[in-house]
Structures are given as structure tokens and as C-alpha cells.
Protein chains: 2
Amino acid sequence: MECGLLIVLSGPSGAGKGTICKELCERNKQYRLSISVTTRKPRKGEVDGKNYFFKDLEQFQKMVEENQLLEWAKVYDNYYGTPREYVEKSLKEGYDVILEIDIQGALKVKEKFPEGVFIFILPPSMEELKKRIINRGTETEEEIMKRFKSAYDELNYISKYNYVVVNDDVEEAIKKIESIIIAEKCRVDRNKEYYLNIREGLV
Amino acid sequence: MECGLLIVLSGPSGAGKGTICKELCERNKQYRLSISVTTRKPRKGEVDGKNYFFKDLEQFQKMVEENQLLEWAKVYDNYYGTPREYVEKSLKEGYDVILEIDIQGALKVKEKFPEGVFIFILPPSMEELKKRIINRGTETEEEIMKRFKSAYDELNYISKYNYVVVNDDVEEAIKKIESIIIAEKCRVDRNKEYYLNIREGLV
């Protein structure tokens with residue numbers, strides 16, 4: 001079976017990454033969302049092993065020490081990480097693994113998986129982003145300002161990514177990401193073996 | 001208006017480029033097929049200014065001298081070329097221009113348009129390719145052998161292309177090319193201006 005692609009999605013809070021990832025995975029059975037490990041407390045409705053693997057600080061530190069995390073970071077007083085085994089196993093099974101992580105995490109993953117596909121999700125405008133962060137209603141005013149400032153700073157990292165998708169329309173954004181995944185599988189770099197085989201009459 | 005992309009499609013005779021190009025342009029109004037200039041005689045049903053711009057040798061040479069051709073080549077005793085003006089005008093008008101040309105031509109275009117998207121169409125197997133060339137029935141036996149040998153040699157050039165699309169199913173091949181075009185428009189390299197503007201609040 002052919003190995004899947006690792007798709008890394010980042011972008012400022014409020015760009016709409018969560019909705020996009022959820023829809024992508026619901027519509028495409030060959031996509032599998034990576035599940036993060038976190039030390040933060042579950043929010044209402046979040047399920048362990050589905051939304052996150054919830055761990056306490058001691059368990060998390062053990063995973064770090066045993067090199068079980070592809071990347072990890074402290075964000076807003078909590079630790080988050082990507083379990084290496086779950087990602088690698090899914091890729092080998094042929095799934096395209098979608099990793100929704102912040103920029104620090106994405107850059108660390110890029111070091112270990114340069115063959116991954118790095119997609120930056122942009123809000124249609126900074127004005128719209130501010131609205132979306134405020135409308136969420138789950139953040140304190142201080143957190144809103146912190147997130148908005150972060151969003152600005154994060155734009156500097158777009159050039160580290162392969163693709164940028166503007167989320168002014170969720171359907172369009174999803175179609176673009178699906179197209180990126182199809183296109184990446186056609187890249188010559190990823191198909192050397194196939195076309196050498198066809199030349200030798202092995203296909 | 002945003003500039004279109006130049007999409008260059010090549011691949012051995014019998015890989016199915018013609019059908020794919022025709023379908024792509026019929027289904028996508030923003031795609032426009034580039035029209036070649038040729039000195040070969042029109043085949044039955046071919047229309048000047050639609051299938052080709054048919055020119056005599058003298059007119060063709062004049063276009064070469066006046067640098068009106070993006071590339072030109074002699075293939076099977078006839079001259080073929082790509083009129084620069086038609087391509088550049090279409091791109092500026094926002095069309096994605098599809099150029100179906102042989103490999104020599106594609107490589108010359110790549111020198112002048114490195115930002116083009118270069119797609120190699122492969123037959124599902126060399127066995128299948130042979131069948132297709134024979135079933136065409138429009139070639140002499142000598143021509144069939146010549147084309148088949150060319151097809152083998154041409155496989156060496158795949159690495160000069162960005163993408164490879166295996167045409168084992170026309171619908172799938174078309175979907176892949178449409179996806180490649182959508183994906184290419186999302187590439188970070190092609191969107192620097194946009195994300196600089198969004199940062200400055202200009203979008």
C-alpha cells in the first residue's frame with residue numbers, strides 16, 4: 001500500500017482551521033486527523049482519545065523524555081504535543097494525516113518531515129479575524145488581544161509554508177486543500193519510483 | 001485582474017493528451033488552449049485559427065526572425081511553434097493557458113517561463129501505449145515504431161517536469177490536472193504580494 005501524506009495546517013486562531021479540518025476528515029475517508037497530547041483540562045464535550053489524549057504533567061514529561069513526541073510546545077500555560085507513533089502508523093497504513101498545529105509546532109515537524117505538505121490558513125482580512133476572535137466569546141479580553149497580536153506576528157512565517165489558503169469561504173477553502181493533496185501526490189519528486197518502473201516495463 | 005497560469009502538458013503520443021486538453025477547456029471556461037503555428041497541411045476537419053494557425057514556410061520563418069514564437073521545432077518534417085503574443089495576452093486577461101507540446105518545446109518554454117506549471121502525461125503502461133498508437137490507425141507502421149521509440153526516450157525527461165499524471169482513467173486524469181492548477185494558485189511563492197498586503201491591512 002502506498003504511504004499517505006502528512007498535511008500540516010496552521011494559521012492564526014480565528015482563521016477557521018478547526019472547522020476546515022473537521023470537514024476535510026468527514027468527507028474524505030482516507031484522511032485521518034492527528035490527535036494531540038495535552039496537559040490542559042478537557043473543555044465541555046471533549047473526549048479523551050478523540051479530541052486529545054489528555055495527560056497530566058508527569059505523563060507528558062515522560063513522553064518527551066522517551067522521544068514519543070514529534071513536537072511539543074507550551075502554549076498559554078499548557079503543554080501540547082504530537083504523538084509520533086500515531087502519525088507514523090497512520091501514514092504507513094495509507095492515510096493522509098492532517099495535523100492542525102500552531103506555527104512553532106509546524107516548524108519543528110518540518111525539520112523531521114521535510115516531505116510533509118505545509119499549508120497556512122489565512123483569514124480573509126485582519127479586520128475579519130478580529131471579529132471572529134471576539135465572536136467566539138470563549139476568551140477574556142486579555143486573551144483576545146494576545147491572540148490578535150500573535151496572529152500578526154505569525155504572518156511572518158508564511159514563507160516557511162508551501163501553500164497559503166485564504167478562508168473567505170469554507171467550501172472553497174476545503175476544495176483548495178483537497179486539490180493540494182491530490183496535486184502533491186502527482187509531484188514528480190514523489191513519483192520517481194513509478195516512472196522508473198514504467199520505463200522498465202514493470203508497471 | 002489576476003494573471004493566469006501557463007500550464008504545459010507533454011507526454012508520449014498515445015498518452016491521451018489531446019482528449020484531456022479538449023475536455024479540460026470545455027469544462028473550465030477560465031482555461032484557454034494555446035494555438036500553435038504550423039507549416040504542416042491541415043488534416044481533414046482542422047480549422048485555421050482554431051486547431052492551428054496554418055502558415056507556409058516563408059511566413060513561419062518570418063515569425064521566427066521577428067521573435068514572435070515562444071518556441072519552435074521541426075517534428076516529422078514539419079515546423080511547429082507557439083505564438084508568444086497569443087499566450088501572453090491570454091495570461092494577462094486572466095486565462096490559464098494550456099499548452100500541449102512535445103518535450104523539446106516544453107523545455108524551451110521552461111527557459112522563458114520558469115513559473116509555468118509543467119505536467120507530464122503518462123500512459124498506464126508501455127504495453128497500453130503501444131496498443132493506443134496502433135489503434136489510432138492513422139500512422140504507417142514505420143511511424144508507429146518511430147513514435148514508440150520516441151516515447152521510451154522521452155521518459156528520461158520526466159524529471160524536468162513538476163508533475164506526472166498517469167492517464168489510466170480520463171476522468172481521474174482531468175481531476176488531477178484541475179487540482180494541480182488550483183493547488184499551484186495557492187503556492188506561497190505565487191502569493192507573496194497578497195499576504196504582505198493582508199499584514200499591512202490593505203486587504
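Predicted model: local features only at pLDDT ≥ 70, side-chain atom pairs only at ≥ 80, totals over all residues.

Reader: Which kind of pair do the rings of Phe60(B) and Trp72(B) make?

Author: Good place to start, as the structure holds 16 aromatic pairs over all chains. In this one the ring centres are 6.4 Å apart and the planes stand at 80°. Planes over 60 degrees apart count as edge-to-face. So the pair of Phe60(B) and Trp72(B) is edge-to-face.

Reader: How far apart in sequence are the parts that this pair ties together?

Author: Phe60(B) belongs to helix H2 (residues 57-65) of chain B. Trp72(B) belongs to strand E5 (residues 69-75) of chain B, so the parts tied together are apart in sequence by twelve residues.

Reader: Is Phe60(B) buried or exposed?

Author: Buried means under 20% relative accessible area. Trp72(B), at 36%, is partly exposed. Phe60(B) has a relative accessibility of 1%, so the word for Phe60(B) is buried.

Reader: Which strands stand at the edges of the open sheet in chain B?

Author: Five strands form this sheet with parallel pairing, in the order E2-E7-E1-E8-E9 (chain B). An edge strand here has a single partner strand, so one side is left without a neighbour in the sheet. That is the case for strand E2 (31-33) and strand E9 (163-166) of chain B.

Reader: What is the bridge partner of Phe120(B)?

Author: Strand E8 (residues 117-122) of chain B runs parallel to E9(B), and four bridges join them. The partner of Phe120(B) lies in E9(B) and is Val164(B).

Reader: Where do Lys149(A) and Asp153(A) lie?

Author: These two form a salt bridge, with their closest N and O atoms 2.8 Å apart. They are four residues apart, about one turn of the helix. Lys149(A) is exposed at 52% relative accessible area, while Asp153(A) is partly exposed at 34%. Both lie in helix H6 (residues 141-154) of chain A.

Reader: Arg40(B) forms a salt bridge too; is Arg40(B) buried or exposed?

Author: Its salt bridge is with Glu46(B), and the closest N and O atoms are 2.9 Å apart. The cut-off for buried is under 20% relative accessible area. Arg40(B) has 8% relative accessibility and therefore counts as buried.

Technical notes. Residues numbered from 1 in each chain as written. Chains lettered and ligands numbered in written order. Heavy atoms only, no water. Phe/Tyr/Trp six-rings, centres within 6.5 Å; stacked < 30°, edge-to-face > 60°. Helix = DSSP H or I, 4+ residues; strand = E, 2+ residues; numbered from the N terminus. Buried < 20%, exposed > 50% of the residue type's maximum accessible area, 1.4 Å probe, protein only. Pairing = 2+ DSSP bridges. Salt bridge = Lys/Arg side-chain N within 4 Å of Asp/Glu carboxyl O.
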